[in-house]
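Please examine the sequence and the three-dimensional structure shown below.

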Amino acid sequence: MKCPFCGSGSGHIRVIDTREVTDGIRRRRECDQCKNRFTTYERVASMNLLVVKTDGRREEFDRDKLVKSMRIACTKRAVSSATIEQAAQKIEASLYALGKLEVDSKKVGEMVMEQLRDIDDVAFVRFASVYRHFQDVDSMAEEIKHLIERKRREEELKNQIPLPITGE
Ligand SMILES: [Zn+2]
């Protein structure tokens with residue numbers, strides 16, 4: 001870092017104030033050569049985590065997609081959006097905590113199952129049954145949707161009362 005006023009090197013610049021702001025750290029600095037002061041900001045660069053699918057394709061980790069597939073698994077269950085959000089946050093944090101640039105979609109699926117197991121039995125079974133077959137979080141969401149629709153149709157069929165035959 002160089003002083004923006006006189007170009008002196010970093011050896012001449014000292015930090016006189018450090019403050020944490022919402023998206024990073026703000027530092028007030030002073031150059032001991034020209035005595036000018038300036039501010040710098042440090043921000044955490046968002047890490048681009050890549051998810052490696054079973055077929056080897058890589059896709060950027062998408063939190064919204066994660067929330068969506070969990071939401072589908074929780075269809076018509078007593079699970080609040082806040083609970084799903086929280087679970088997604090936990091999964092995201094654990095993924096970044098691995099400290100890797102790439103993570104297998106399988107690992108993501110396992111983390112989702114771990115969360116759903118604690119949240120709702122039915123959602124867990126829905127997710128797990130489809131996931132274990134597909135081993136891929138993306139194609140799964142669609143499948144769960146179909147699974148739920150199929151179950152609903154079966155229920156409807158079971159509860160259907162035959163219509164009385166009307167005369168001419
Ligand atoms: Zn200076």
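**From the whole chain to its parts**

Of the contacts in the protein chain between residues at least 6 apart in sequence, 45% join residues at least 24 apart; two residues are in contact if their C-beta atoms, placed from the backbone, lie within 7 Å. This is a predicted model, in which local features need pLDDT of at least 70 and side-chain atom pairs count only at pLDDT 80 or more, whereas totals for chains, interfaces and linings use all residues. Residues are numbered from 1 along each chain as its sequence is written.

The protein chain contains 5 helices and 6 strands, which follow one another from the N terminus as β-β-β-β-β-α-α-β-α-α-α. Helices (H or I, at least four residues) and strands (E, at least two) are DSSP runs, numbered from the N terminus.

Consider next an open sheet of 3 strands, with the order E5-E4-E6 and mixed pairing; two strands pair if DSSP finds at least two bridges between them. Strand E5 (58-60) and strand E6 (102-104) stand at the edges with a single partner strand each, so one side of each has no neighbour in the sheet. Strand E4 (residues 50-52) pairs with E6 in the parallel sense over 3 bridges. Valine 52 stands opposite aspartate 104 in E6. Helix H3 (residues 105-119) packs on the sheet, where H3 touches E4 and E6, and the direction of H3 makes about 65° with that of E6. Such angles run from 0 to 180 degrees between N-to-C directions, and axes are lines fitted to C-alpha atoms, for helices over the stretch in contact.

In soluble globular proteins, nonpolar side chains tend to be buried together. Here the largest nonpolar core has 22 residues. A nonpolar core is a set of buried Ala, Val, Leu, Ile, Met, Phe, Trp, Tyr and Cys residues joined through C-beta atoms within 7 Å, and a residue is buried if 20 or more other C-beta atoms lie within 10 Å of its own. Helix H1 (63-73), helix H2 (81-97), H3, helix H4 (121-134) and helix H5 (137-159) each supply at least two residues of this core. Met70 is among the residues with the most contacts inside the core. Not counting residues up to four places away in sequence, methionine 70 touches Ile84, Ala87, Ala88, Val112 and Leu116.

How do H1 and H2 pack, and at what angle? Their axes are 10 Å apart and their angle is about 135°.

Conventions: Buried ≥ 20, exposed ≤ 12 C-beta atoms within 10 Å, placed from the backbone.
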